[in-house]
Amino acid sequence: MDSLYDISCFSAGLAGNIFALALFLSPVTTFKRILKAKSTERFDGLPYLFSLLNCLICLWYGLPWVADGRLLVATVNGTGAVFQLAYICLFIFYADSRKTRMKIIGLLVLVVCGFVLVSHASVFFFDQPLRQQFVGAVSMASLISMFASPLAVMGVVIRTESVEFMPFYLSLSTFLMSASFALYGLLLRDFFIYFPNGLGLILGAMQLALYAYYSRKWRGQDSSAPLLLA
């Protein structure tokens, strides 16, 4: 029974890592455009900074001296932190102005200081199990804010009745990653993992439902266009 339980936990966590990789790779097309134009144009660097802070805090939660047996949480967020840092460095290098470049660098310093503050406070002021509860609460709040960010895009989809700004594979990856880590958290009986990912699962399902409804409606409008023109 223990071996089956361990295999189930590992499988759910591994699946979450794989689906998260698709999320981390999603900005590649944006940065291909930035590299080609040699300019960040009107793209915003803040989402990558927030993602980096989220990955760093969740990485800290997955380490043994905070929460034992959460290694797959550490691996996925360690990978995510590397990706986000790479995106931020490219953003700084290709920033349109010195003001934008200095702003991103300043915010990056704040992100690092924020992570250092949380990590040091957890070690120096808390022993177990309070350390896990403290870092878990911070990481859960960070995750919930990240999962809530697509709500604005969902609003755009509803207003415009177009799925142009909500890529299907991004929504699908969010849904599958959240489902995998929600299951992983449930198997570990870890509220700080299954609760935020459960919310992410619901929001991911809502995005897919919106995509199914409005993409069909959009295609229907496109297919009827030639008849109207005739």
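Author: Contact here means heavy atoms within 4.5 Å. The model we are looking at is predicted.

Reader: Thanks! With that in mind, what share of the contacts with a separation of 6 or more comes from residues 24 or more positions apart?

Author: Happy to start there. The count takes the contacts in the chain with a separation of 6 or more. Of these, the part that joins residues 24 or more positions apart is 76%.

Reader: How many helices and how many strands does the chain have?

Author: Reading from the N terminus, the elements run α-α-α-α-α-α-α-α-α. The C-alpha atoms fill a box of roughly 75 × 55 × 25 Å along the principal axes. The tally for the chain is zero strands and nine helices.

Reader: And what percentage of the residues is buried?

Author: The accessible surface of the chain is about 13,100 Å², and carbon and sulfur atoms hold 71% of that surface. A residue counts as buried when its relative accessible area is under 20%. Among the 230 residues of the chain, the buried ones make up 40%.

Reader: Are α4 and α5 roughly parallel or roughly antiparallel?

Author: Two packed helices are described by the angle between their axes and the distance between the axes. Helix α4 covers residues 71–93 and helix α5 residues 98–124, and their axes are 8 Å apart at an angle of about 155°. Angles over 145 degrees count as roughly antiparallel. Therefore α4 is, relative to α5, roughly antiparallel.

Reader: How many nonpolar residues are in the contact of α4 with α5?

Author: On the α4 side we find L85, I88, F91, I92 and F93, and they meet T100, R101, I104, I105 and L108 of α5. By class, this contact has one polar residue and one charged residue. The number of nonpolar residues in the contact is eight.

Reader: Which two residues form a salt bridge?

Author: Side chains of opposite charge can pair when their charged atoms come close. A search of the whole structure gives one salt bridge. Its N to O distance is 2.7 Å, and the side chains that meet are those of R70 and D190.

Reader: How many residues apart in sequence are the parts that this pair ties together?

Author: R70 and D190 are both buried. R70 sits in the loop between α3 (46–62) and α4, whereas D190 sits in the loop between α8 (168–188) and α9 (191–229). The pair therefore ties together parts whose separation in sequence, in residues, is 120.

Reader: Is S180 buried or exposed?

Author: S180 is part of helix α8. Leaving aside residues up to four places away in sequence, S180 touches A12, A15, G16 and F19. Its relative accessible area is 9%, so S180 is buried.

Reader: Now the backbone: which residues does a cis peptide bond join?

Author: Most residues other than glycine have a negative phi, and most peptide bonds are trans. In this chain, P129 lies in the loop between α5 and α6 (130–148). With omega at about 5°, the cis peptide bond joins Q128 and P129.

Reader: K38 is not a glycine, so to speak of its backbone, what is its phi?

Author: K38 is located in the loop between α2 (28–37) and α3, and at 63% relative accessibility K38 counts as exposed. Its phi is positive, at about 55°.

Reader: Is R189 buried or exposed?

Author: R189 lies in the loop between α8 and α9. R189 is not a glycine, yet it has a positive phi of about 55°. Exposed means a relative accessible area over 50%. The relative accessible area of R189 is 70%, so R189 is exposed.

How values were computed. Residues numbered from 1 in each chain as written. Predicted model: local features only at pLDDT ≥ 70, side-chain atom pairs only at ≥ 80, totals over all residues. Heavy atoms only, no water. Axes fitted to C-alpha atoms, helices over the stretch in contact; angles between N-to-C directions. Helix = DSSP H or I, 4+ residues; strand = E, 2+ residues; numbered from the N terminus. Parallel < 35°, antiparallel > 145°, perpendicular 65-115°, else oblique. Nonpolar A, V, L, I, M, F, W, Y, C, P; charged D, E, K, R; others polar. Buried < 20%, exposed > 50% of the residue type's maximum accessible area, 1.4 Å probe, protein only. Areas by Shrake-Rupley, 256 points an atom, 1.4 Å probe, with all protein chains shown as cover. Salt bridge = Lys/Arg side-chain N within 4 Å of Asp/Glu carboxyl O.
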